[in-house]
Each structure stands twice: as structure tokens, then as C-alpha cells.
Amino acid sequence: MSTTHSRTIARVELRRRFRALQEDAAQLIAITLVVLMFVPFSLIGLLGVLVFGMEVGSGGLETPLELVRMGAVYGWLFVAGFGGYRAYATALRPDRLDGLLTTVSHRDLFGGLVLAELLLWGIPLGLISVGAAFAFAAGSGSMVAVPFVLLTIWTAFGTAFATGLGLALGVMNTGVRSALVARLRTVVVLCLGIAYVGVIFTQNVGAVLDPLYWLLEPTPISWYADLALLGTATAASPARGGGVLLASALFLAASSVALSRLAAWLWYADGISIEREAATAAPTDRQSRLSRVFSQPVVGVVLADWKRARREPIALSFVLYPLVLLAGPTITLIQTGTVTGTFPLLIVLCGTWITGVLFTLNVVGNEGAVLPATVLSPGAGRSLVVGHVVAGALVGVPATVVATVLFGLLAPHSIAVVATLAASGIVLAGCAGPIATGIGAVVPRFQAVSVSRSTKAIVPSLLAFAIYSVTIALLALPTMLVHTFVGQELASLIGTSQVVVTASTVVLTALVAAPLAVLSARYAIRSVEAFHFE
């Protein structure tokens with residue numbers, strides 16, 4: 001392994017990341033704000049370490065070893081998890097990987113990437129650790145604590161970071177060799193994301209971390225507490241402190257070899273193909289069924305949209321934005337086991353919004369590199385717009401209606417009100433796609449933007465999102481209101497039932513939304529047919 005090559009790779013990698021950060025103004029501002037917020041929190045943390053040291057030195061704490069042990073285990077878990085995420089998302093995915101591997105060995109490349117990551121996070125950690133060590137020593141009145149605290153922080157960070165790298169490499173190696181894992185990767189990531197959000201919102205973090213703590217507490221990881229408190233707390237064991245230093249050294253030595261080998265297996269792997277002959281039969285069946293109703297060009301657009309969504313679902317991650325509205329009612333549902341009356345209403349609103357943005361909010365820009373061939377085809381405008389609308393409607397409308405009926409029946413609503421609410425879902429979700437086509441034609445986006453750290457895609461513009469969201473909210477507002485107590489009050493005021501009021505509102509909404517959808521779709525069709533390159 002050439003240290004010169006590794007240092008050069010680390011320097012270039014850090015420079016590349018800095019330049020990429022400079023090009024992304026939003027991310028640069030966000031990181032600047034995080035750093036500015038981190039400074040006062042760091043000072044508060046150092047003050048807390050000072051106070052803790054004073055309590056340890058004065059004997060005011062009965063079990064300081066237990067407290068430090070808990071902090072060491074949870075801190076180790078955090079670094080391992082964060083390091084694993086960084087390795088999976090960014091650190092082990094360098095630009096021009098093939099070119100790098102033809103000029104340097106995988107050991108040099110892996111060493112350079114790890115060195116870049118260690119410099120990126122190790123320098124702030126080093127400053128904080130030095131401050132924490134001296135603050136604890138000053139509080140406890142024993143400067144002997146400084147080297148022990150520093151050794152604890154640095155060795156714990158090193159072993160946790162190496163563990164995170166190992167986990168990330170293990171997952172990535174499995175993904176490039178297992179067809180099943182590659183096919184289900186998006187589903188697994190989505191489930192993990194939902195589980196993460198659910199744990200945070202339901203405040204059940206302890207239920208996840210406590211078993212991990214019980215698992216790691218008997219291991220040498222908890223011995224870092226003894227190492228940190230040597231010379232300041234009588235309960236600290238020199239044997240365990242020395243043992244964890246020896247174990248950490250052996251673990252890091254073994255990791256340097258094992259991680260490099262895992263990186264080689266990953267980078268030199270040919271990978272697998274998840275496209276199989278059996279998988280091509282399903283689109284043919286769908287195509288034959290759709291061809292009975294729609295023209296062949298429209299069917300081609302529909303199948304292309306679905307194929308894109310299946311191959312690169314992260315490009316449609318923006319459809320999850322309105323689900324934030326369902327977070328509160330979902331937490332209530334989990335905690336109480338009851339469905340609130342507003343939950344079905346929010347499903348209608350979110351389902352309508354998602355149906356419209358799936359494929360239709362950027363009908364021109366979505367074509368990307370094939371845009372010239374698309375606009376030069378005869379009848380391209382009608383086929384393109386109708387195809388995008390149908391692709392979203394066949395997915396969004398049934399899902400919206402089924403979810404509305406299901407949760408509407410579980411909520412405190414009558415069957416008649418649930419029926420009118422489902423009808424409003426059909427009207428709104430059915431008109432959302434055509435309405436979105438016109439808005440997307442007015443403010444298209446042609447440039448790809450980053451939807452993740454390693455993926456770029458052409459998504460609708462922020463202005464299109466804003467205009468579409470306001471339009472859908474205004475159209476859905478009457479229906480939303482009459483299916484609440486407002487509808488009951490209005491029905492009693494005019495001397496009729498709430499069902500009559502809700503049904504009448506659904507009809508009026510259809511009379512407004514349908515012409516708007518037609519006009520918007522016609523504008524989108526004309527925009528595609530009149531499109532020209534400058």
C-alpha cells in the first residue's frame with residue numbers, strides 16, 4: 001500500500017466534495033447553519049463535561065461508572081451507525097471508480113477514501129475531544145485523566161467507525177451478488193425509512209436502543225468507561241481499561257485487512273442483472289389489456305412511466321412529501337387504536353396530490369434525452385399527455401378510493417358520508433393529472449437535480465409544485481369542509497341531511513374541476529406540439 005497514493009486520493013476527494021458543495025447553494029447554506037448551531041451546543045456540552053468532572057471528583061455521584069458506560073455504548077452505536085450510513089451513501093462511492101482502479105490498487109484507493117472521511121470528521125472530533133478531556137480533568141481535579149479520556153474517545157471512535165464500514169461493505173457486497181436483495185433493495189430502504197420515521201414520531205427510540213445496549217453492555221465496548229475514569233473514580237478497573245486498549249488495537253489491525261478485502265470484492269465484482277425473461281412477460285400482458293382501451297402510443301407512454309418508476313423509484317421520492325400531513329393522525333392511530341374523523345379526509349387530499357405529481361407535473365421535461373424524438377413524432381402531444389395522465393390515474397385513483405373507504409368505515413362516519421367522500425376522491429384524483437399537465441407545461445424543468453447523494457433525476461420545478469399544491473387545495477377545500485362538522489351545521493341550517501350537502505358539493509366540485517382539467521390538458525397538448533428548440 002502506497003501512503004503517497006492514499007494521501008493524494010484523500011486530498012483530491014476532499015477537494016471534489018468541497019467544490020460540489022460550493023455548486024449547491026442550498027446545501028452550503030444548510031451546512032453553514034448546522035455548523036453555527038453546533039458551536040454553542042459544543043460549548044454547552046463542554047460545560048456539562050466540566051460539571052460532571054466536578055461531581056466525579058467530589059464524590060457526588062454514586063455510580064459514575066454506570067453513567068459513563070451507558071454514554072460510551074450509546075456513543076459507540078451512534079458513530080457505528082453514522083459511519084455505516086456515510087460509507088454506504090457517499091464515502092465508498094467515489095467518482096470514476098473504474099479509472100481509479102486502473103491506476104492504483106484497491107488498498108490505496110480504500111485507504112485514501114477512509115483517510116478523507118477521517119479528516120472530514122476526525123478534525124472536529126479531535127478538537128472537541130481535547131476540550132472535553134481538559135474540561136473533565138479540570139472538573140475532577142486530576143490532570144491524569146486527560147490522556148485516558150483522549151484514548152477512550154479516539155479508540156472508541158476508531159473501532160465504531162471501522163464497524164460501520166464493515167457493515168456497509170457487507171450490505172453492499174450482498175447487494176451486488178444477490179438478485180433477491182437487488183430486486184428488493186428499494187422496498188427494504190422504504191421500509192427502513194418508514195420504520196425510522198415511525199420510531200421518531202412515536203417516541204419509541206428507547207425500545208430500539210435498549211436491546212442493543214443490553215447486547216453490547218457485557219462486551220469490551222462498555223470497558224471504555226473504565227478507561228475514561230482511570231485515576232478519577234475508584235470503581236474503574238485498570239484491567240478492563242488495559243483490556244479494551246488491547247482489544248481495540250487487535251480489532252483495528254484485523255479491520256484494516258478485512259475491510260480492504262471487502263472493498264476489493266465490492267469494486268471488482270461484475271454485479272448481477274435483475275432483468276430476466278420472465279420479467280418481460282408481465283409488461284406484454286399489461287400492454288395487451290391496455291391496448292383494448294387506449295391507442296398504442298398512449299400505451300407505450302404508460303408502460304414507459306411504470307418502467308421508469310420501477311427501475312428508479314428514488315426519482316419519484318417527491319411524491320412522499322404530503323404524507324407528512326398523515327404523521328399526526330397515524331401516531332394517534334398507533335397510540336389509541338382509533339381512526340380520527342379527519343384521517344380519511346387527509347387521505348383524499350394526499351392521494352389526489354400524489355396522483356397528479358406522479359408522472360404529469362413535468363410532461364415535457366420528463367422526456368429528457370428523448371425529447372427531440374418525442375416532439376417530432378406525429379400526434380406526440382396528445383399521446384404524451386394522455387399517457388402520463390393514464391399512468392398516474394391507474395395507480396393513484398384506485399389507491400386513493402380504497403384507502404378512503406377503508407379508513408372512512410373505521411372512522412366515525414356514516415356509510416353514506418363515506419360513499420360521498422369516496423366519490424370526491426374519484427373526482428379530485430381523476431382530475432388532478434390533467435390539471436398538473438398544464439401547470440407543468442407552463443413551468444417545466446429540463447435539468448436534472450440531485451434526489452440523493454448518488455442519484456440525479458429530472459423532477460418538477462418548485463414553482464410547479466407550489467402552483468399545483470395551491471390549486472388542488474382550493475379545489476379540495478369545499479369537499480373537505482362539508483365532510484366535517486361544517487357540513488352538519490350547514491345541513492341543519494338549510495333543513496336537509498349532511499349526505500345531500502356532501503353529494504351536492506361533490507357535484508359542484510366536479511363541475512369546476514372537470515372543465516379546468518380539460519383546459520389544462522389541452523394547453524399541455526398544444527405546448528408539446530408547439531415546442532421548439534432554441
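Which residues in helix H13 (residues 327-336) are buried? The points below answer this and describe other parts of the model.

1. This is a predicted model, in which local features need pLDDT of at least 70 and side-chain atom pairs count only at pLDDT 80 or more, while totals for chains, interfaces and linings use all residues. Residues are numbered from 1 along each chain as its sequence is written, and side-chain values use heavy atoms, with hydrogens and water left out.

2. In helix H13, Ala327, Pro329 and Ile331 are buried (under 20% relative accessible area, with a 1.4 Å probe and protein chains only). Helices are DSSP runs of H or I with at least four residues, numbered from the N terminus. Just after H13, glycine 337 has a positive phi of about 75°.

3. Serine 248 belongs to helix H10 (residues 238-267). Its relative accessible area is 3%, so serine 248 is buried. Beyond its neighbours within four places in sequence, serine 248 is in contact with Thr155, Thr159 and Tyr224 (heavy atoms within 4.5 Å). The side chains of serine 248 and tyrosine 224 are joined by a polar contact of 2.7 Å (a pair of N or O atoms within 3.5 Å; within protein, one must be able to donate a hydrogen and the other to accept it, and residues adjacent in sequence count only if both atoms are side-chain atoms).

4. Helix H5 (residues 106-140) meets H10 through residues including Phe110 and Leu113 in H5, and Leu259 and Trp267 in H10.

Technical notes:
Helix = DSSP H or I, 4+ residues; strand = E, 2+ residues; numbered from the N terminus. Buried < 20%, exposed > 50% of the residue type's maximum accessible area, 1.4 Å probe, protein only.
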